[in-house]
Every structure is written in structure tokens, then in C-alpha cells.
Amino acid sequence: MEGKYANDPEWASITPIQLDDGSEKAMPLATIAYPSEYLEATSYLRAVMAANEMSERALKLTEHVISMNPAHYTVWIYRAKILFALNKDLLDELAWLNGVSLKYLKNYQIWHHRQVLLESRTHFPNIPEKELDFLMEMFAQDSKNYHVWTYRHWLVRRFNLWDLPREIEDVESLIKADVRNNSAWNHRYMLRFGPRSEKAGMENSGFNGVLPHQKGVCSVVDEDLVDAELQYAKEQILRAPENRSPWWYARGVLRAAGRGVQDWEEFAGKFVVEGEVRSSHAVEFLADVYALKEGRGEKAVEMLTLLKERYDPIRKNYWDYRIQQVVV
Amino acid sequence: MSLAQGPGRAGGNSGTSSDQELHVLKHVAYIKNLDTRKDELQYWLTEHLRLNGVYWGLTALHLLGHPDALPRQETIDFVLSCQSENGGFGAAPGHDAHMLYTVSAVQILVIIDAVDELEKSGRGGKEKVGSFIAGLQNQNDGSFMGDQWGETDTRFLYGAFNALSLLGLLDMVDVAKAVTYIQSCENFDGAYGISPGTESHSGQVFTCIGALSIAGRLDLVNKDRLGAWLSERQVDNGGFNGRPEKLVDACYTWWVGSSLAMIDRLDWIDRKKLSEYVLQCQDPEAGGFADRPGNMVDVYHTHFGLAGLSLLGVVDGLEEVDPVYCMPKSVIARCFAR
């Protein structure tokens, strides 16, 4: 075979392993026509992987394969093994990885690889200095990137960043830039009300025998913090009343604090004035408030009917169901 | 099975279509032709999805009423050629075993009624596959990894439950612990994320609700709350988005729709409008479905578009799909009748 590796003395000792894709047994589903560069590189990759070779040349080869196909999951595993075996400088690796991440925004493997590196307490007793800057660079490309947010949540737990001022500042700047960034709202909720113990997830969510009304309810809350969060949500709602995220955030906060939706009756009411509705979410909020109050069932039905007929007719059947649930 | 995009676009050459007919034969031809496109660059760039691709194409053909359009023996040979010594399956021959491809392999073998082939010509019987899957469960929290390298994701947990239950081997894993893990993925908005604490996402809702459904624990779900979140994914043009304030995509017809079906809330959305949207995502000339009208078609969106349409039941001419397994209902009935 002719090619980059076949003609390189550094690789003379390696016998490449050709792909056995069964094409000789005539399997039309499997036969793959590879462009030669990729075919050659992966044939050498198979050979060094089979020998479990931990070397500089193998590391360079993984970079070459990744540059052609970053979704090749096997090559990432091998690369991480080599990095640890050769005790490479992982900050250099992160710098290289940053470039790959910015180029391939929707790739799972890249983020898992990053997590594998930072999981090492020997190499990273503390969070790398530029880590959060890089994540903001990623968010500048796509502020709702699910992989990056998942990684960021993991990072908070891994390095105990709950109260790091930078963490909430980044969330606020992203919400300021786009108040509809639901990912940022979720991250804010976890920072403020997520359990910091080993048990990840929403408060009380991952236990057997937890009753539905206990989920998301914190046993201890800082009432000042709750007030401040509710105030923040109100300010963001005023910027864009038809944005669901802060309305649902507020519901989550009220629940965490063991307060009811009725605390927001007055605020929600400002958006539903005779003849003018400025937010369908406020209408839904009021419906929930009225449904809980004795003697206000008719008002609840009135709100739900508004949603059904005017503001959200596509979910007509859902609103009908809600209307049936109300005790008039 | 090529995962390359195109050649056509949703809506055909004009890019728009008000055509509300399902072009069954065009889609069958599109899927059958995928395999003749090996000279394209994207064919090898998507090798890491090959076995998934066969599952998508095969299921779509079954739903279209053309179950014999792919050669059975060659399909079996290809699937088995992806199996590793450890019992798991890689995306293509020579690729490392991984949960996602192992699940596709099992689904394919069940669809073509060829699970016995694991014993006859594979690397051990179904127990060998089961032990590969069971070995990927984290003993501390009940979650599942994709491979020995440890990436954890509710997709893998669902996949494990799906494949093991199809093989009749669900008792090889700690179901109760996995169920608790799923519960910890629930968020304050009533929906579920990829891991505890991460944003709700309708693809992950499907995996969590699917797994709870297989475990027989849908009683743990607040169906009204989740149904409200799911039904809110329908936007004015009729299609679904995957998260609030994100773009509509035909594949969410499946992720959102099947989740609603599993919790008995599918009637909370406008099925007719959704079906109309999905039909606008098909290429009526060369076949296949895209994520949105005007975009390039691919086999992934073709599979999930058709599965979604089957679920909605508005359009005639499709076999019924099972909302938990995303396989033909008749296949699931046959599998569990044993």
C-alpha cells in the first residue's frame, strides 16, 4: 500500500491491519469504500491498538484519525490511555482539544474525553485556570449546547464550584444575552437549589419512597436567597413576559422553598388585566392559583378557557383536561 | 447502509410541498438504494453509526409494509460480523463493542426473528450478549455506561433495558437501582435530563419513560406534569421541538410523541397538524425524510419520521409501531408471546 505511513521510516516496523469488513464474503450491507488516506491511517491504528502500543507516534496517529473523523469513538479511548501511560502534559491536551471542540460542536466523544482527563485527581487537584473561559467561548458559538452544559454541571460537582462567584456570573451574563436560554436557567436552579451531597439531581428526586409532593422541596432554605431569586425571575419576566423559562423557574423556586404559587397571584395578575393579556404563562399561573382556592373554580376555568380558545389552541385537548380537573 | 445525506431534499426539488400523501414506494426505494452509495465521502465518515443505520432502515421498511426489502441472510451476516469476543457489538466490523450498537444488533435480530443465530453462528448465545450489557451497569448508582470507558447517559440505561427485555434477560441487572437513578434525572419542570441535574430534553424523556415502562414503574411518573411539558413542545407549525426555545425537528415527533403515548397523553397534542408537518419533511420524488422542510433527507429522520407518523395514526398505509421499543407492534407481540 502506498501512503503517508507506508513511506515513513518511523512506521516501517508496523504491519498495518486491513479492515476485515467481510466484503469478500459478498456482504453488500457492510462493504465500505474508503478514501485512501483514512483507509491507510485506520489500518495502522488497528495495528498499534492490537499491540496496545503506548508511544508518541501512536498519539500522533490518533490525532490524524480524529482530524478526519472525530466521531470514531474507539480512537478517543486509545488516545486517553496513551496520554496517561506517557504521562503527557494534560494542559497541552486541553489546549488541542479546545480547537477540536470549537470545530465540531455536536460531538459527544470530545466532551467525554475532556471529562476523563479532568477526572484525574493526580493531574487536576484544582480546576484548570482557563477552563471556564473556554466554556464561555463554546457558549459564544452555541449558548444552548447540551454537551457543554452537561459537562459544566459535572464540573460544578467535580470541583465544588457551587459558590464560586464566577459560576453565577456566567449564568447571569448568558441570561442577559438571551433571556430565553432555558439551559442557563436550569443551571441556575441547580446552583441555587441542587443538593450538594453525593446524591446528584433535584432535591429528593432519587430516593425510593419519596412522595411526589416532596420532590424538589428543600429541607432547609435561605429565605433571603429565595426572595432574591424570585425578584430576579420577576425582572427577567418583565423583559419578555411570554418567555416560559423564568415563569417555570419561579415555580421551581417556590416549590423548593415550600411556598405556594399563590405567593405570585399579585405579580401574575399584572399581566392579565381586563381585555389585555401580556403573558399566557401568567394566565396559566393564575389558573393554578385559582384552582387551589375555594370558591374560585370559575375563575380558574375562565383562565383555562382563555388558553384553550385564544392563546394556545393547538393544545385544546390538554386545556380541556385541565378544565375537567377544576372543582367548580 | 449508508448514513449519507440526500440525495433529495424534503419537499422535493421545489423545496416546498403541500402534498399530504405518504409516498411509500419512494421511501422503500430510497432505503434500498442507500447501500449502493459507497463511493460517497459521508459513507465512511458515518461508519461509527453503521449498525444503528441498519436498524433504522430495517424498521422503516417494516413500518412501510416491505419487511423483505433487505436480504435476510446478509443482514444476519453483517450483524454477526460486528460482534466482539466479549459478546457486545461494535458499530461496524472491527469497531469496539458499545451499548448503542449492541442494542441495535439485538433489535435487528428480533425484528427478523433471528436471535437463534447468536447461538448458531455468533460468539456465544444470547446470555453472552446479556452479560456484556449487564457488565456495563454501575454498581454504585444503577446507571449504565456506553462501554468500559465509562460515559454515562440515560440512553444507555434505556438501551440496556430494551435489549435485555427483548432477550428475556432483564433479571441480569439491578432493575430497582436503575429505576432510582432515572428518578434522580427528573427536573423541577417535570421532565428528565441526560444525567442528574442536567436540563430536560425530550430525547432523554423518551429514554427515561421507556426504561420505566419496561420496568413496570410508570407509577413513579407525575403524568400530568410531564404531559404538560411534553405537549408544550408542539409549536405553531405543528412540529415538535426538543427543548423550550429550540428549533423544530421531525425526529422529535418520535421522542415526544412516544413519551406522550407511554403516559397515555398523546391526545393532548394536535395530531393532524403534526402529521401534516412531518409529511412536509418528506421528499416526494426521491424518497426519505429530513429534519425540516427544504433540508437534505437522511435515514435517521426517515426512520423517526415514519415511526412518528405510525404512532399518530392519522396517515394510512403504515404498520403500527410500539412506543416503548420503536419496533413494529407485531414483532413485539411475537417476541413476548414466547
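This is a predicted model: local features need pLDDT of at least 70, side-chain atom pairs count only at pLDDT 80 or more; totals for chains, interfaces and linings use all residues.
Helices are taken here as DSSP runs of H or I with at least four residues, numbered from the N terminus. The phi of B:D264 is near 60 degrees, a positive value in a residue other than glycine. Most residues other than glycine have a negative phi. B:D264 has 11 C-beta neighbours inside 10 Å and therefore counts as exposed, the cut-off being 12 or fewer.

A:N87 has a positive phi of about 50 degrees, although A:N87 is not a glycine. This residue sits in the loop between helix 3 (73-85) and helix 4 (90-103) of chain A. A:N87 is exposed, as 9 other C-beta atoms lie within 10 Å.

Back in chain B, helix 12 (residues 252-262) packs with helix 11 (residues 223-231) at an angle of about 155 degrees, and the two axes are 10 Å apart. Because angles over 145 degrees count as roughly antiparallel, helix 11 and helix 12 of chain B are described in that way. Helix 11 of chain B passes helix 12 of chain B in a left-handed crossing. On the helix 11 side, the contact is made by B:G227, B:L230 and B:S231, and on the helix 12 side by B:V256, B:S259 and B:L260. Sorted by class, this contact has three nonpolar and three polar residues, with no charged ones.

What of the interior? The largest nonpolar core has 156 residues, and B:L157 and B:A160 have the most contacts inside it. Helix 5 (residues 99-111) of chain B gives the largest share of this core, ten residues. Setting aside neighbours within four places in sequence, B:A160 is in contact with B:M99, B:I133, B:L136, B:F144 and B:V173. A second, separate core has 18 residues, among them A:A41, A:L61, A:V65 and A:L83. In soluble globular proteins, nonpolar side chains tend to be buried together.

Finally, the two chains meet through 54 residues of chain B in contact with 54 residues of chain A. On the chain B side, helix 2 (41-45), helix 4 (72-81), helix 9 (175-183) and helix 11 each supply at least two residues. Helix 4 of chain B gives the most to this side, with five residues. The side of chain B that touches chain A divides into 19 nonpolar, 17 polar and 18 charged residues.

Definitions and conventions
Residues are numbered from 1 along each chain as its sequence is written. Chains are lettered from A and ligands numbered from 1 in the order in which they are written. A nonpolar core is a set of buried Ala, Val, Leu, Ile, Met, Phe, Trp, Tyr and Cys residues joined through C-beta atoms within 7 Å. A residue is buried if 20 or more other C-beta atoms lie within 10 Å of its own, exposed if 12 or fewer, and partly exposed in between; C-beta atoms are placed from the backbone. Two residues are in contact if their C-beta atoms, placed from the backbone, lie within 7 Å. Axes are lines fitted to C-alpha atoms, for helices over the stretch in contact, and angles run from 0 to 180 degrees between N-to-C directions. Angles under 35 degrees count as roughly parallel, over 145 as roughly antiparallel, 65 to 115 as roughly perpendicular and the rest as oblique. A crossing is left-handed if the near helix is turned anticlockwise from the far one by less than a right angle, and right-handed if clockwise. Ala, Val, Leu, Ile, Met, Phe, Trp, Tyr, Cys and Pro count as nonpolar, Asp, Glu, Lys and Arg as charged, and the others, Gly among them, as polar.
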